[in-house]
Amino acid sequence: MTVPLGGVPLAGHRAVYEALAGAGFTDVWSSEVAGTDAFTPLAMAAAWSPSMRLGTAITPVFTRGPGLLAMSAAALAEAAPGRFQLGIGSSSPVVVGDWNAVDFSEPYARSRDMLRFLKAALAGEMVDHDYGTFALRRFRLERPPATPPPILLAALRPGMLRLAAAEADGVILNWLSAADVTTALAEAKSSSPDFEVAARIFVCPTDDAAFARNVGRRLIAAYLTVPAYAAFHRWLGRDEVLTPMWRAWAAGERKAALATIPDDVVDDLIVHGTPDQCRAKVERYAAAGVTVPVMALLPTPTIEAGGPTALLETLTALGC
């Protein structure tokens with residue numbers, strides 16, 4: 001499950017983690033956009049839920065300096081030995097440039113260089129190297145983790161997918177259907193039997209299809225108009241079906257953009273239905289090759305009306 005959950009303060013997440021563990025969830029994964037940072041919710045989970053695995057999906061490679069990112073990852077790996085996976089990715093020009101005042105340039109090269117640096121630094125090595133997009137002089141972690149965390153790379157299109165397969169311990173997928181997984185993994189061919197394939201899957205557990213599709217349309221318009229995701233879906237073959245949305249969005253016609261998104265596209269990219277139906281749809285991702293299907297819980301009428309109690313009940317219903 002993606003954490004933290006909306007509507008629950010961080011200090012109240014102990015009950016969330018306990019409910020997830022009780023429902024059979026094995027992992028909690030964080031994201032980092034403009035809410036919480038990626039590490040704080042996982043640090044709390046490390047203390048409150050000592051059996052669960054933890055992961056970041058993702059920590060941007062631009063918004064922290066290399067040394068600070070290595071220190072943050074090492075600290076969490078020390079707090080949860082053997083249970084933490086570090087997911088990194090390029091993020092987007094809005095998050096990196098507009099919100100963090102960092103130059104978003106050469107995202108592929110920066111991701112490659114940060115991946116190589118982190119593997120060396122988290123292994124306890126002295127790093128004195130010019131990687132190309134940044135250079136470090138005599139950096140060594142004072143507290144390298146006894147168990148270095150696996151590093152997963154967020155990837156959308158062939159170049160980054162191949163980089164993940166060649167140099168990372170796993171790949172993180174996002175905003176794709178279960179049927180799209182095969183296309184992505186055809187590029188991310190790893191020889192390692194331990195190669196992880198994580199995918200964030202947006203889940204709206206309600207039998208009110210109209211509500212779920214309205215939520216889904218807003219998310220699709222917000223995300224798939226980002227250039228990297230637009231290019232990803234062109235590559236996946238959705239150019240024709242999504243072009244009306246892109247044109248309306250570029251013209252500033254937000255409502256019109258939402259209206260152009262067909263139901264079948266929403267149904268492909270947003271899992272919705274009863275909890276049992278949602279679970280079955282998530283299992284399709286696993287059958288396609290995803291080893292870590294990470295649900296991202298979306299609001300439902302039941303959760304909105306019932307508050308924290310309904311939220312915890314929903315988590316239990318989604319579990320195994």
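Because the model is predicted, local features are reported at pLDDT of at least 70 and side-chain atom pairs at pLDDT 80 or more, while totals for chains, interfaces and linings use all residues. Residues are numbered from 1 along each chain as its sequence is written, and side-chain values use heavy atoms, without hydrogens and water.

The protein contains 14 helices and twelve strands. Both are DSSP runs numbered from the N terminus, with helices (H or I) of at least four residues and strands (E) of at least two. The C-alpha trace spans about 55 × 45 × 40 Å along its principal axes. For 320 residues, a compact globule would have a radius of gyration near 20 Å, and the value of 19 Å for the protein agrees with this. That radius is taken over C-alpha atoms, and the globule rule is 2.2 Å times the number of residues to the power 0.38.

Of the 320 residues, 51% are buried. Here buried means under 20% relative accessible area, exposed means over 50%, and partly exposed lies in between, with a 1.4 Å probe and protein chains only. The accessible surface comes to about 13900 Å², and carbon and sulfur atoms account for 53% of it. These areas come from the Shrake-Rupley method with a 1.4 Å probe; for residues, only the protein chains shown count as cover. Contacts (heavy atoms within 4.5 Å) were also examined along the sequence. Among those between residues at least 6 apart, 71% join residues at least 24 apart.

Helix α3 covers residues 66-79, and its 14 residues should span 20 Å at 1.5 Å a residue; the end C-alpha atoms are 20 Å apart, which agrees. The expected span is 1.5 Å times one less than the number of residues. Buried residues of α3 include P66, L69, A70, A73, L76 and A77. In an α-helix there are 3.6 residues a turn, so residues three or four places apart point the same way.

In helix α6 (residues 158-167), the buried residues are P158, M160, L161, L163, A164 and A165. They pack against the helices α5 (107-122), α7 (180-185) and α9 (227-235), and against the strands β8 (151-154) and β9 (170-174).

Several loops hold backbone features. The peptide bond from V3 to P4 is cis, with omega near 0°, and P4 lies in the loop between β1 (2-3) and α1 (13-22). Another cis peptide bond joins A57 and I58, with omega about 5°; I58 is in the loop between β3 and β4. S91, in the loop between β5 and α4 (93-98), has a positive phi near 65° although it is not glycine. Its relative accessible area is 24%, so S91 is partly exposed. E106 also has a positive phi, near 50°, and belongs to the loop between α4 and α5. With a relative accessible area of 54%, E106 is exposed.

E125 is located in the loop between α5 and β6 (127-130). It counts as partly exposed because its relative accessibility is 43%. Apart from neighbours within four places in sequence, E125 contacts A120, F139 and R140. The C-alpha atoms of E125 and R138 are separated by 9.7 Å, with the two residues 13 apart along the chain.
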